[in-house]
Amino acid sequence: MGETFNMGSGIYSGFSLIVLTAGLWKIFEKLGGTGWWALIPGWRWYKLGELCGRERDGIAAFILEISLFIMRLTLDVLENGTNTYMMCLLTAMVVVMMLAVSEIRIGAGVCRRFSQPKKWLFLWGIASWIPAALWGFSDQYQPAGSSDSPEEQESAGTKPAEISFSQQTLHPVGDGLTVNLKERTVRDFRKTRYLLKDISLNIPNYSLVLLLGGSGSGKTTFVNAITGYEKANAEVLLNGENIYQNYATMKYRIGFVPQQELIRLNDTVLDTLQDAAKLRLPVSEDRKERKARIDEVMDILGLETGSEGLVSKKSGGMKKRISIATELICKPELFILDEPDSGLDGVIAKELFNTLRKIADEGHIVITITHIPDRVAHLFDQVIVLARDSGRVGRLAFSGTPDEARAFFGKETMEEIVMAVSKKDDGGEGRADEFIAKYAEYMKQKNMQEADHE
């Protein structure tokens, strides 16, 4: 009976290994890789993890599978029952469990690339050969997401495009925001990857600013850098004070409203603003001063009516206003909003941006990201365009007024400007390097003219 079981187990193991290898071969080909990677133990998991955004897990699986192979050879040599044998056996069991975790995490990356639900991970964990065969051989399952080759993914951000003229460092403005960002990098194992490079700009107070850029251009990274949330190799000054050097105090002078509302739905509007005032305003302000600030913010955003009602009962546009109010309560000098019009119809979105215009007119710097900019483009004082160069690094392609942006790019709409600097694979014109270089030359000439006047 035992021999029959062992024989059946051996047949199943051999069959599943063959099917897994064949399935991975086809998966590698679908992902733009090389099929023979599937033949090499350890290496196949590393390459699969790399292709699916799980490189760390791929490296772990590679090391663990090689270690397990060595331990199996060691166990074959050692005498069964000895202390050394038992210690190696226990270690091998731990390695097997760690390897299983790494392989499941890699499986999560494969699910994402093939746009499959995570419920597949259960089957991947107990019989990975089944989903590997299905995803590899069936035409029904095709990878989504990045269409770049493994070589392009490997080199992404490691070598910025060589632009003819590097961005000029700007002199700080006394009143407003000055950004001189040399680079924002991350360390990715053996490589240094550039996320942003050569971004210098000035934004005066009383400005409503539109931040544009295609997918992967670095808009979120840029916002995180100028707010000090993720520091770059940069100097960022807000009304003469260095945000990085004085972050402990400066962070209270910056407001940020994310795309998702982070407000409690079961509180009233008034309770929400009172809590925000207690958290964001100085403790030196008494109750009367806090109430005055709350009343002021409610008046600006039109929240007086229905302030005793629950947040959960409010419309989408009203919830956006409440989210803005919780940040505006502390009178931020720099106010950033990520797609505040997301999910709103045209009329409500226009009303919201008219409100942001009023906030800027009170002396704030308001920077907003929106994917439907043309319906409110006339409200903005400045347009910042970020573009991903041919080395896949976020660079500054333009900064100026909306009219100057249209003339610079030779386009009629903001959407056309974004498409001009977007990759051809994303439906754009693929002219990012051209406009990055053009703007750098434009700034060089402008600085030379200003120097001559001085």
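Here are some questions and answers about this predicted model.

User: How many helices and strands does the protein chain have?
Analyst: Some context on the chain: 48% of its 454 residues are buried. Among contacts with a separation of 6 or more, 65% join residues 24 or more positions apart. As for secondary structure, the count is 16 helices and 10 strands.

User: Is strand 8 mostly covered or uncovered, and which residues lie on each side?
Analyst: Strand 8 runs over residues 365-369, and five of its five residues are buried, so under the 20% cut-off the strand is mostly covered. Both faces are covered. One side has I365, I367 and I369, and the other has V366 and T368.

User: Which residues of strand 8 are the bridge partners of S207 and L337?
Analyst: Strand 3 (residues 207-213) pairs with strand 8 in the parallel sense over five bridges. Strand 7 (residues 334-338) also pairs with strand 8 in the parallel sense, over five bridges. For S207 the partner is I365, and for L337 the partner is T368.

User: At what angle do the axes of helix 5 and helix 6 cross?
Analyst: Helix 5 covers residues 120-127 and helix 6 covers residues 129-137. Their axes come within 6 Å and cross at roughly 115 degrees.

User: How far apart are the end C-alpha atoms of helix 3?
Analyst: Helix 3 (residues 55-77) has 23 residues, so at 1.5 Å a residue it should span 33 Å. Its buried residues include A61, L64, L68, M71 and L75.

User: Why does D198 count as buried?
Analyst: D198 is found in strand 2 (residues 191-204). It isn't a glycine, yet its phi is positive, about 55 degrees. Buried means under 20% relative accessible area, so D198 qualifies with its relative accessibility of 16%.

User: What is the phi of R392, and where is its place?
Analyst: Most residues other than glycine have a negative phi. R392 has a positive one, near 65 degrees. Its place is the loop between strand 9 (382-388) and strand 10 (394-400).

Notes
Residues numbered from 1 in each chain as written. Predicted model: local features only at pLDDT ≥ 70, side-chain atom pairs only at ≥ 80, totals over all residues. Heavy atoms only, no water. Axes fitted to C-alpha atoms, helices over the stretch in contact; angles between N-to-C directions. Helix = DSSP H or I, 4+ residues; strand = E, 2+ residues; numbered from the N terminus. Buried < 20%, exposed > 50% of the residue type's maximum accessible area, 1.4 Å probe, protein only. Pairing = 2+ DSSP bridges. Contact = heavy atoms within 4.5 Å. Expected span 1.5 Å × (residues − 1).
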